[in-house]
Every structure is written in C-alpha cells, then in structure tokens.
Amino acid sequence: MERLASSARRDPYGSRINRVKSPLREYTVPYASIMLGSLLPILFLADVMPVVPPLGYLFLLAWRIMRPGVLPLWIGVPLGAFDDLFSGQPFGSAVLLWSLTMIALEALEQRFPWRGFWQDWFTASLAAIVYILAAMVVSGADLSLPLLLACLPQIVLAILLYPLVSRMVAWLDRFRLSRTRRIG
C-alpha cells in the first residue's frame with residue numbers, strides 16, 4: 001500500500017520523463033490553423049464589402065514570420081487554393097498572392113534574419129495592405145475612391161489583429177511542440 005502511494009506522487013521532474021512529441025500535432029497544427037482562419041470570415045458576412053480581414057492570410061503571415069522553417073516555400077499554392085474556394089475571390093487569386101507573399105518573406109528573411117516584434121508587425125501590416133488592395137485588383141473591381149474607403153475598415157482591422165493572431169500562433173506553436181505521455 002505504501003508503494004502505491006509513493007508511485008502516485010511524482011518528483012518535480014517526473015512529468016517530463018518518458019514523453020514524446022506527437023508527429024500528428026507537429027505537422028498538422030500550422031496547416032489546420034491557416035485553413036480554419038480561411039473559413040472564419042464566412043461567419044461574418046457584410047452586405048456590400050467584407051469587413052473581416054483575410055484571417056487565413058494573417059495566420060499564414062504569422063506562421064511564416066514567427067517560425068520560418070515550419071512552412072515550405074511552395075505551400076502558398078495549396079493553401080491559397082483552399083482559401084480561394086471559400087473566400088469568393090476568383091480562383092487563383094490567393095494562389096498567386098500567397099505564393100508571392102511566401103517568396104517575398106523568404107527574400108526578406110535572407111536579407112534581414114534578425115528582426116523584432118515591431119518590424120514583424122510592420123512587415124505583416126504592409127503585406128496585409130498590399131494583399132487586400134491586390135485582391136481587389138485581381139477580382140476585377142473598378143478601383144475608385146469610395147471602394148478604397150469601403151475597404152479601409154478591413155485594412156485597419158488587419159493591422160490591429162496581427163498581434164492577436166501572432167499571439168495565437170505562438171500558443172499553437174507551444175501546443176504543437178508540447179510532449180504527450182508515452183503509453184506503455
């Protein structure tokens with residue numbers, strides 16, 4: 001009986017022994033979070049102009065900026081195609097824009113490998129602004145001042161939501177790399 005009681009108690013390091021990373025979590029969490037981000041704006045539809053920023057794109061930016069080695073360079077094609085299926089944009093627009101974003105972020109990473117939060121926020125904000133405006137051009141919309149003013153709330157929300165999205169990506173990254181108990 002004494003033996004059972006002592007085995008039930010753990011030493012301070014016992015919770016870390018005999019644990020392994022889950023390969024399923026390690027490889028699927030980044031892609032699943034980006035795909036879920038692409039699906040979320042469907043829940044918040046506006047009458048004339050979308051108000052919710054492209055959350056899938058913001059998640060892609062956050063994963064690529066915070067963890068450069070997690071996403072391969074070519075991932076903009078399949079994830080962009082998934083986003084095109086649900087965003088209402090012409091098919092191929094997100095494929096093109098997400099792929100160009102991945103190439104641009106790779107070039108930026110090669111040029112400036114050490115950055116801080118403010119530089120990352122500026123980079124993501126600039127990328128989001130260019131993405132929203134380029135998506136308007138690719139969709140075939142007539143660019144006019146009223147249309148640009150109508151997309152201004154979406155741009156402001158994209159800029160303001162990036163720190164929250166990057167915080168969520170940091171939490172998801174910790175979850176992705178956390179260790180689970182080995183059975184047996």
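What covers the buried residues of H4? I opened the notebook with that, working on a predicted model.

**Entry 1: H4 and its cover**

I looked up which residues of H4 are buried and found Gly76, Leu79, Gly80, Ala81, Phe82, Asp83 and Asp84. The cover over them includes H2, H3, H5 and helix H6, which spans 117–138. I then checked the end of the helix. Just after H4, Gly88 has a positive phi of about 90 degrees.

**Entry 2: the chain as a whole**

I stepped back to the overall layout. The protein chain has 8 helices and 2 strands. Read from the N terminus, the order of elements is α-β-α-α-α-α-α-α-α-β. Of the 184 residues in the chain, 39% are buried. I also looked at contacts with a separation of 6 or more, and 74% of them are between residues 24 or more positions apart.

**Entry 3: H4 against H5**

I took up one of the helices in the cover. How far apart are the axes of H4 and H5, and at what angle do the helices pack? The axes are 7 Å apart and the angle is about 145 degrees. The crossing of H4 past H5 is right-handed. On the H4 side I listed Gly76, Val77, Leu79, Gly80, Ala81, Asp83 and Asp84 as contact residues, and on the H5 side Ser93, Ala94, Val95, Trp98, Ser99 and Met102. By class, this contact has 7 nonpolar, 4 polar and 2 charged residues.

**Entry 4: Ser93**

Leaving out residues up to four places away in sequence, Ser93 touches Asp84 and Val138. I also noted the pair Ser93 and Ser139, which are 46 residues apart in sequence, with 7.7 Å between their C-alpha atoms.

**Entry 5: H2 against H3**

Helix H2 covers residues 23–39 and helix H3 residues 55–66; their axes come within 6 Å and cross at roughly 155 degrees. The contact takes in Val29, Pro30, Ser33, Ile34, Gly37 and Ser38 from H2, with Leu55, Gly56, Phe59, Leu60 and Trp63 from H3. The contact residues of H2 with H3 come to 7 nonpolar, 4 polar and no charged.

**Entry 6: salt bridges**

How many salt bridges does the structure hold? I found 3.

One joins the side chains of Arg64 and Glu106, at 2.5 Å from N to O. Arg64 is in helix H3 and Glu106 is in helix H5 (residues 93–111), so this pair ties together parts that are 42 residues apart in sequence. Are the two partners buried or partly exposed? Arg64 counts as buried at 2% relative accessibility, whereas Glu106 is partly exposed at 27%.

Another salt bridge pairs Asp173 with Arg67, and the closest N and O atoms are 3.2 Å apart. This pair links distant parts of the chain: Asp173 sits in helix H8 (residues 152–177) and Arg67 in the loop between H3 and helix H4 (76–87), 106 residues apart. Asp173 counts as buried at 11% relative accessibility, while Arg67 is partly exposed with a relative accessible area of 31%.

Asp173 also forms a salt bridge with Arg176, the closest N and O atoms being 2.9 Å apart. Why are these two about one helical turn apart? They are both in helix H8 and 3 residues apart, so about one turn separates them. An α-helix has 3.6 residues a turn, so residues three or four places apart point the same way. Both Asp173 and Arg176 are buried. Shared partners join Arg67, Asp173 and Arg176 into one salt-bridge network.

**Entry 7: cross-references**

I kept two cross-references for later. Asp84 is buried in H4 and is touched by Ser93. H3 contributes Trp63 to the contact with H2 and holds Arg64, the partner of Glu106 in H5.

Technical notes: Residues are numbered from 1 along each chain as its sequence is written. This is a predicted model: local features need pLDDT of at least 70, side-chain atom pairs count only at pLDDT 80 or more; totals for chains, interfaces and linings use all residues. Side-chain values use heavy atoms; hydrogens and water are left out. Axes are lines fitted to C-alpha atoms, for helices over the stretch in contact, and angles run from 0 to 180 degrees between N-to-C directions. Helices (H or I, at least four residues) and strands (E, at least two) are DSSP runs, numbered from the N terminus. Contact means heavy atoms within 4.5 Å. Ala, Val, Leu, Ile, Met, Phe, Trp, Tyr, Cys and Pro count as nonpolar, Asp, Glu, Lys and Arg as charged, and the others, Gly among them, as polar. A salt bridge is a side-chain nitrogen of Lys or Arg within 4 Å of a carboxyl oxygen of Asp or Glu. Buried means under 20% relative accessible area, exposed over 50%, partly exposed in between (1.4 Å probe, protein chains only). A crossing is left-handed if the near helix is turned anticlockwise from the far one by less than a right angle, and right-handed if clockwise.
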